[in-house]
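Morning, everyone. Please look at the sequence and the structure on the screen.

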Amino acid sequence: RARLYSEPDGESVASAAAHENEDADRPLTPWELYRYRMLRVQDDLETTRDIRRKLEIPSKLDIETVDEHLALLHEWHELLEESVTRAGSVHVTQRGDPAVLEALPQFAQVLDILENQPREDLYALGAALQELTTELARAIQLQQQYLDRTILQLQDRVINGGPSVYFVARSGLNERIADLERDLAMLTDADSDTVRETLQAELDELNAERRRRAIEEDETNEPEGRTFAFIVVPDCGAIPSMSIFVASVLAFPCLWRRRLYGLLFGIPILYAVNVGRLTCLAIIGAYDSSGEIFDFVHNYVWQGIYVIFVVVVWLLWVELFVRKNQKPTASA
């Protein structure tokens with residue numbers, strides 16, 4: 001069996017989604033949890049883009065007085081503070097460039113000092129303002145680079161992200177305890193006390209069993225089961241290989257009706273083969289602790305096997321739906 005699991009982000013995706021769906025009297029499906037998580041990533045991406053657009057400074061500065069210079073520096077400092085305040089999220093753990101985070105309080109102190117400086121010594125004040133301008137511009141540049149990297153990371157998560165699957169080939173004692181703890185955490189006030197008491201009693205029994213094994217050093221059953229966590233990215237759908245099959249069917253010289261039969265015949269078969277491929281890889285991943293066998297089978301063995309399936313299914317279509325139904329041509 002497989003289940004979607006939430007990220008360890010303080011408030012789990014599952015509990016947050018359930019909180020927003022308080023009126024629902026059913027548990028969220030894996031697809032709903034995945035959609036909720038991806039919507040949060042997209043929201044983080046849009047927020048970060050908005051911050052990056054605001055964090056721009058003009059190439060030429062039109063400053064005539066000290067007060068105008070101080071007002072400009074205050075504006076830059078506020079932009080930096082806003083970028084740091086809004087950038088943090090579930091998927092963006094750090095709020096800004098480390099050097100910027102460290103320098104922000106110092107910038108505020110220097111601005112306060114310069115604000116209270118007498119205006120008589122314009123030369124010394126102007127030199128201090130110019131130095132602070134250079135430092136603030138450098139900090140803004142560092143923050144822009146950090147936000148650009150963050151945007152690329154979030155874009156990659158949106159493009160290549162997929163449901164996170166936790167495959168359990170064999171449940172161990174620890175996995176069953178973790179399942180029960182998760183089920184108890186997801187219960188709402190609408191759930192009956194009987195359900196809660198039943199789950200709690202089963203959890204207490206398993207915890208007692210784990211303590212007994214620890215005391216007796218019982219190794220007859222593994223406390224850890226055989227599990228494997230992976231993310232189903234778009235390439236896992238075998239879309240490129242299916243596209244080759246579709247193009248081969250459409251390009252073959254025959255009636256359009258037979259081409260339609262080929263698509264209806266081949267795509268479900270290739271989809272079923274891909275599901276079998278994912279299941280096979282999940283089982284291998286659960287039993288291959290080193291990951292070397294999984295990487296070899298994933299990157300080389302199944303790549304070749306799936307291409308062979310594409311060719312075989314296409315040849316079957318040609319034999320069963322095209323050539324078999326063609327009328328023999330009369331020889332001269």
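**The chain as a whole**

The accessible surface of the protein chain is about 20,800 Å², and 56% of that belongs to carbon and sulfur atoms. Accessible areas here come from the Shrake-Rupley method with a 1.4 Å probe, and for residues only the protein chains shown count as cover.

A word on the source. This is a predicted model, where local features need pLDDT of at least 70 and side-chain atom pairs count only at pLDDT 80 or more, while totals for chains, interfaces and linings use all residues. Residues are numbered from 1 along each chain as its sequence is written, and side-chain values use heavy atoms, with hydrogens and water left out.

How many helices and strands are there in the protein chain? There are 10 helices and 3 strands. Both are DSSP runs, numbered from the N terminus: helices are H or I with at least four residues, strands are E with at least two. Along the sequence, the pattern reads β-α-α-α-α-α-β-α-α-β-α-α-α.

The protein chain has 332 residues, and 35% of them are buried. Buried means under 20% relative accessible area, exposed means over 50%, and partly exposed is in between (1.4 Å probe, protein chains only).

Now contacts, meaning heavy atoms within 4.5 Å. Take those in the protein chain between residues at least 6 apart in sequence: 76% join residues at least 24 apart.

**Two helix pairs**

Start with α6, residues 173-186, and α7, residues 193-216. They pack at an angle of about 155°, with axes 10 Å apart. Axes are lines fitted to C-alpha atoms, for helices over the stretch in contact, and angles run from 0 to 180 degrees between N-to-C directions. So α6 and α7 are roughly antiparallel. The cut-offs: under 35 degrees is roughly parallel, over 145 roughly antiparallel, 65 to 115 roughly perpendicular, and the rest oblique.

This crossing of α6 and α7 is left-handed. That term applies if the near helix is turned anticlockwise from the far one by less than a right angle; clockwise gives right-handed. The contact includes L173, I177 and L180 of α6, and L199, L203 and L206 of α7. By class, the contact of α6 with α7 has 7 nonpolar, 3 polar and 8 charged residues. Nonpolar covers Ala, Val, Leu, Ile, Met, Phe, Trp, Tyr, Cys and Pro; charged covers Asp, Glu, Lys and Arg; the others, Gly among them, are polar.

Next, α8 and α10, the latter spanning residues 292-323. Their angle is about 25°, and their axes are 10 Å apart. That makes α8 roughly parallel to α10. The crossing of α8 and α10 is right-handed. S241, M242, F245, S248 and V249 of α8 meet Y306, V310, V313, W314 and W317 of α10. The classes here are 8 nonpolar, 2 polar and no charged.

First stop, F167, in strand β2, residues 164-170. F167 counts as buried because its relative accessibility is 12%. F167 and T227 are 60 residues apart in sequence, yet 5.5 Å apart in space, C-alpha to C-alpha.

Then A238, in the loop between β3 (226-231) and α8 (239-251). A238 is not a glycine, but has a positive phi of about 55°. A238 is buried, at 7% relative accessible area.

Last, N274, in helix α9, residues 256-287. Buried or exposed? N274 is buried, at 4% relative accessible area. Leaving aside neighbours within four places in sequence, N274 is in contact with C236, G237, A238 and Y306.
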